[in-house]
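Dear colleague,

Please find below the structure that I would like to hand over to you, together with its sequence.

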Amino acid sequence: MLSSWKVCCGRVPQRWVFAIMGFLAVFNAYAMRVCLSITITEMVVPRKPEDGIHPDDICHASAITSLGHVDHKPVIRSSTATQYNWDPFTQGIILSSFYWGYVVTHLPGGMLSEKFGGKYSLGLGILATAVFTLLTPLVVEFGDSTGLIILRVLMGLCEGTTYPALNAMLAQWTPPQERSVIGSLVFAGAQLGTVFANSLSGVILTYSPMGWPAVFYVYGSIGVLWFLVWQIMCYNNPDVHPFISDREKKFLQETMHEHTHKKPPSVPWRHMIKSVPLWALIAAQIGHDWGFFTLVNDLPKYMSNVLKYSIKDNGFLSALPYLTMWICSVITSCLADWMITAGVMSRTNVRKLGTTIASLGPGAFVIGASYAECDRATVVIMFTVGTTLMGTFYPGMKVNALDLSPNYSGTLMAVVNGIGAFTGIVTPYIVAVLAKDETLYQWRLVFWIVFGVFIVTNVIFILFASGEVQYWNDPEFVRRDRQERRARIESEKKQKLEKPVP
C-alpha cells in the first residue's frame, strides 16, 4: 500500500503539496477568525435612523446597494436569528478578545513545533478552532456577549500555534531559492481567507433562512475537512515523509543542509534578544499587523455604518482588496526570488524594498480614501489599491524570520508574530473609542494613526533589518558558547571557594 502511494504521489513535489496545505491552513484560520467581523453587523440590533445619525455624518442620506445606485427601501430579512443589543464598545471587546488568547500560545507553540514538529500543533489547533466555530451560535444563544468573548479567547489560544508551526515546517521544506515564493504562498492564505470569509458571509447572510448562525456552521465544517486531509498528506520534514521521491529528498538535503538542522540546541535567547535585525523585524510586524487588523476587523463596519452598503455588497467590497492583495503577493514574490537569484539586488534590500512599498502605499491610499468622503467609487478604489500594495509585505518582512534563523524559525515567528498580534487587541479599542459615533471624520483620525504607525515602523526596518542568516543560528556556535559560559561560571565559583576568608 505504501509503495503504491509512493509511486503515485512521489511524482508530485511534496514541498508544494505542503505549501498548498499550509496555504489552506492559514486560509481556514483567517476565514474562521474574520467571519465575525462582517457577521457581527447582522448579529446586533440595527440603530434606528433617528438615533443613528450624527451631525458630522455626511454619508447618512442614502442606503447604497451597489456602486452609484441609491436604494431607499428598508432591507427585509427572512431570518429569525436573534439579534443583540451590543453597543460599539462591546463589539470592540468581542472583536479584540480573539487576540487575548492568540498572543499567549505563540511562544509555546513555536518551541513545541521546533522540538516535535509542526504537524500536530498546527493541525490540532485548526481542528479545535473549527469545533469552537461550530459551537458559536449555541454559545451566543445561552451566554450572550460574555459567552462569545470567552469562546473567542479559546479560539485565539488554538490559532496561536498556526504561524510558529508553519514557520518551523517551512524551515524543513523550503529551499532558499524558493523561500519567497513558497513562504508567500503559504502566508497569502490570510488574504484569500479574508476574501472568502467576507464575500461568502455576505451571500449567506443575505440568502440563508437560518441567518447569521449559518456562517459559523459553514466555516467550522470546512476547517474540520481540512484537518482530515492534512493528517494524511503532510509530515514534519522530508526524512519522515512516507511517499516523497528520493530525488526530491536529496534535492532538499543538498540545498538546505548548511543552515537547517534537524535537532539544533535549545533556543539561544540571550543572543536573540540582543539581535538588532530581529527587533527591526518585530517593528515591521507591528506596522503590518496594525494596518492589516484595522482593515480586517473594522473595514466591514466602515462600509456598513459610514458608506451605508447593504450586507451583500459589504461582503464583496470588503473582500475585494484582499483578493488583489493576494495577486500582488504572488507576483512580487516571484519577482523577489528572481532578483535575489539573478543578483539584481541583495536579499536584505529586497526585504526592505517590499516592506517599504507595503507600508507607505497602503498608508497613503487609506488616508486618501478618508478624504474622498462619500464618493463611494473613489473610496473603494483607494482601499483596494492601498490594500493591494500591502501584498509586498510577504516577500518583504513576512519571510524574513526564515532568513535570519532557519533553525529557530518557529520560535522566531512566535516572538515576532506574537508581539505583533497585540495590535489586534489594541486596534478594535481605538476604533471603539475614536469612532464611537461611526462618522467619517472620526474614522479619518483612525486612518491617520495607521499611517503614522506604518511610517515609524518602516523607518526602523530600513535602518536595521537584515536578510542574512544570523550567527546564533549555527548549532556549533550555540554549543560552544554554552560550554564557555558553563566553564566561566564554574571558574568563578571555584575562585570564590578558594578565596581566603578575612
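Of the 502 residues in the chain, 58% are buried. Please bear in mind that this is a predicted model. The chain contains 21 helices and two strands. Among the contacts with a separation of 6 or more, 87% are between residues 24 or more positions apart.

Helices α4 and α6

Helix α4 spans residues 88-102 and helix α6 spans residues 119-159; their axes come within 5 Å and cross at roughly 30 degrees. Angles under 35 degrees count as roughly parallel, and α4 and α6 are therefore roughly parallel to each other. Their crossing is right-handed. On the α4 side, the contact is made by Thr90, Ile93, Ile94, Ser97, Phe98, Trp100, Gly101 and Tyr102. On the α6 side, the contributing residues are Ser145, Leu148, Ile149, Arg152, Val153, Met155, Gly156, Leu157 and Glu159.

Leaving aside residues up to four places away in sequence, serine 121 touches Ser113, Thr161 and Ala165. The C-alpha atoms of serine 121 and threonine 162 are separated by 7.8 Å, while the two residues are 41 residues apart along the chain.

Aromatic pairs

Searching the whole structure gives 23 aromatic pairs. In one of them, the ring centres of tyrosine 235 and phenylalanine 243 are 6.3 Å apart and the ring planes stand at 90 degrees, so this pair is edge-to-face. Both tyrosine 235 and phenylalanine 243 are buried.

A further pair is formed by tryptophan 443 and phenylalanine 447: the ring centres are 5.8 Å apart and the planes lie at 40 degrees, so the pair is tilted. These two residues belong to helix α20 (residues 440-464), where they are four residues apart, about one turn of the helix. Tryptophan 443 and phenylalanine 447 are both buried.

Ring pairs also link a cluster made up of Tyr30, Phe98, Tyr99, Tyr102, Phe292, Phe293 and Tyr322. Two of its members, Phe98 and Tyr102, also take part in the contact of α4 with α6.

With kind regards

Definitions and conventions: Residues are numbered from 1 along each chain as its sequence is written. This is a predicted model: local features need pLDDT of at least 70, side-chain atom pairs count only at pLDDT 80 or more; totals for chains, interfaces and linings use all residues. Side-chain values use heavy atoms; hydrogens and water are left out. Axes are lines fitted to C-alpha atoms, for helices over the stretch in contact, and angles run from 0 to 180 degrees between N-to-C directions. Angles under 35 degrees count as roughly parallel, over 145 as roughly antiparallel, 65 to 115 as roughly perpendicular and the rest as oblique. A crossing is left-handed if the near helix is turned anticlockwise from the far one by less than a right angle, and right-handed if clockwise. Contact means heavy atoms within 4.5 Å. Rings of Phe, Tyr and Trp (its six-membered ring) pair if their centres lie within 6.5 Å; planes under 30 degrees apart count as stacked, over 60 as edge-to-face and the rest as tilted. Buried means under 20% relative accessible area, exposed over 50%, partly exposed in between (1.4 Å probe, protein chains only).
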